[in-house]
Amino acid sequence: MTGERSENEWAQVLTDAIKTGVPVAPGGEHLGILDVDMRQAATIAPDDDELEQWGPERTIPSAAVRLALLDSNTTPDPHGLQVHGCRITGSLDLVEASLDCRIVLSRCQLDHDLEANGLQIPALALPGCRVAGINLDGARVDGGAFCAGLQAAGEVRALGAHIGGQLGLQKAVLSNRGGNALNLDGAQVDGGAFWAGLVTAGDVRAVGAHIAGELKLQGAVLSNPGGSALILDGARVDGGAFWAGLRATGEVRALGAHFDGQLGLQKAVLSNRGGNALSLDAARVDGAVFGAGLQASGEVRALGAHIGGQLGLQKAVLSNRGGNALNLDGAQVDGGAFWAGLRATGEVRAVSAHIGGQLDLEKVVCRPLPSLEAVGKIDMQDAVIGTLFIGGTTAKLDLHLSHIQALVLQDQEPPSGLEATGWTLTSIRLNGVDPKEQGRDVVLTHWLDKQEGFVPQPWHEAADALARDGHVEEATRLRIAAAKRSTKQLRPAGPPTWSVRAVIRWVTGWFRWLLRHGYGLAVAFGYRPLRAGLWLAAFGLVTLAIVTGCATQLEPARQARPLSTETAVQVVDQHGPLTGATDCQAAREGWDYPCLNKWLYAAETALPVVGSVQSSAWVWSPGAWLAAAVVTALKALAWLFTVLLLGGVTNLLRKT
């Protein structure tokens, strides 16, 4: 095939090729039959230097191609029209054409757009071709579109098209800066989309599209700075999305999209500074989302999304200075979230999220800015979490109103900050703590002290969880620690201002603090009720010491009658008047009055409920006012501590 041909001559050559299935290859290549599964060499587009060397023998008028394809008298070979290494001049118009043969153009140059909207064709292959643009809106390609290595200088579009097989764009280069590089809005692809190594400049869109197979973008490079690099809003991908190593400049968006399989973003690099790097709001991923090693500059968000498997972000690096690095508000992750080693510049949010499995925050570092001093925030307010793993976490944790099935602390170091008011816990495990060296309550005390302001509820919730796990003593110590901090809050901070109301508040505050402080010393705020028994015993011993030392100052409460005048005179002469110090034998011989039983007197003072035989029979003389005052005070305290003891024991019995 040498020399320049006329349009009709080319039409005849192409018609013969359609009938025989033999490729048209003016360059003399011995290709044999070119099928839709093109050999690797056929997917490498010709460069400018090669095109300059092509002579007129490779130049085919687009009108000749149209005439050959639309010739109703031609019975096509199953291989269809196959053209290799040719330049097609003029706009190839196949609008609304219905063809019985497939088209295979390999390493061809199309100087103008391929206009094929409404085209119906068994299969279309454009491997290694260079085109100005392609319009396949509303087209139907029954056997697939194979365009590996395609290079387009304008928009490639197939709005509402139906591709019965796969759509292959491996290593294609599509450029339409400021517009759409690839537009598949509303399209249906039955055999999967294979776009590994795709390079684009401009939007890649498939809004509302249905891809029945896989969507592969491994190693693709999508660029649309300041805009959207990939838009899959409302799309459905049945076979999973494999985007490992994807590099995108501009937003990657799939709002409300449905991925029946997994979404793989391992080691992807997404950049959209000041905007959203990845948007999956309201999306559904039935499998897992694998984002280990993901790098994102801009917000990664999945508000209200549903991920049926796990969400893996191990060693990911997410950056959005002054904004949200990761936003999962209202999302549901059924298979757990594995974020160990995540580094985020900006806030990490999962407010009202539901994480059914575990949430691993080990060695997560969150900072609002790259500064090493500032610490960022992980906001999980009102979240529902199966198992929360924390260890080596550099972040402020906001667990306000969260519901955590199991909290697992992997080491003794608390987070940089904590807000846990209103949280609920079922279980607490301390994997990195040896209870023999340091109690669980001590570790949790350091942990809960990271709250900016003291609130007792998180402490009691943690103590309840410890008790449910069988660590009752440590739970009690944690409750006591909480009560001490609650008491400390009652103490006035400083002197009052000079107003009546302020002074009253100041005095009342000190009074409440003293009462509460005394309550803590007495029975550990009610958590050690049996300690009241020790205090009662102490009161008894003090009373015994006072009575023993001051027995001479105790007098009969009523007049003692002598058994006989002679005996009474003898007793008085020998022992003096009847007092608490009078020997009991002598008192029984001379007086009709019970002698003082010091032990019983002390017992009646320490335990008022046992009776008042001795304390009512003996009173202190006027000169022993100090001893009388001390014993009276001890008796009043004994009443108080008896109430505390009985109340505490009753409470223990009720719990048992």
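This is a predicted model: local features need pLDDT of at least 70, side-chain atom pairs count only at pLDDT 80 or more; totals for chains, interfaces and linings use all residues.
View 1. Residues are numbered from 1 along each chain as its sequence is written, and side-chain values use heavy atoms, with hydrogens and water left out. The side chain of Asp329 joins that of Arg349 in a salt bridge of 2.7 Å, N to O (a side-chain nitrogen of Lys or Arg within 4 Å of a carboxyl oxygen of Asp or Glu). Because Arg349 belongs to strand E39 (residues 343-349) and Asp329 to the loop between strands E36 (317-327) and E37 (332-333), the pair ties together parts 20 residues apart in sequence. Helices (H or I, at least four residues) and strands (E, at least two) are DSSP runs, numbered from the N terminus.

**View 2. The salt-bridge network that includes Asp329 and Arg349.** The whole structure holds 24 salt bridges.

**View 3. The salt bridge between Glu474 and Arg440.** Their side chains meet at 2.9 Å, N to O. Glu474 lies in helix H6 (residues 472-490) and Arg440 in helix H4 (residues 440-448), so parts 34 residues apart in sequence are tied together. Both Glu474 and Arg440 are buried.

**View 4. The salt bridge between Arg479 and Asp464.** The closest N and O atoms are 2.6 Å apart. Since Arg479 is in helix H6 and Asp464 in helix H5 (residues 456-468), the pair ties together parts 15 residues apart in sequence. Arg479 counts as buried at 15% relative accessibility, whereas Asp464, at 30%, counts as partly exposed.

Terms used
Buried means under 20% relative accessible area, exposed over 50%, partly exposed in between (1.4 Å probe, protein chains only).
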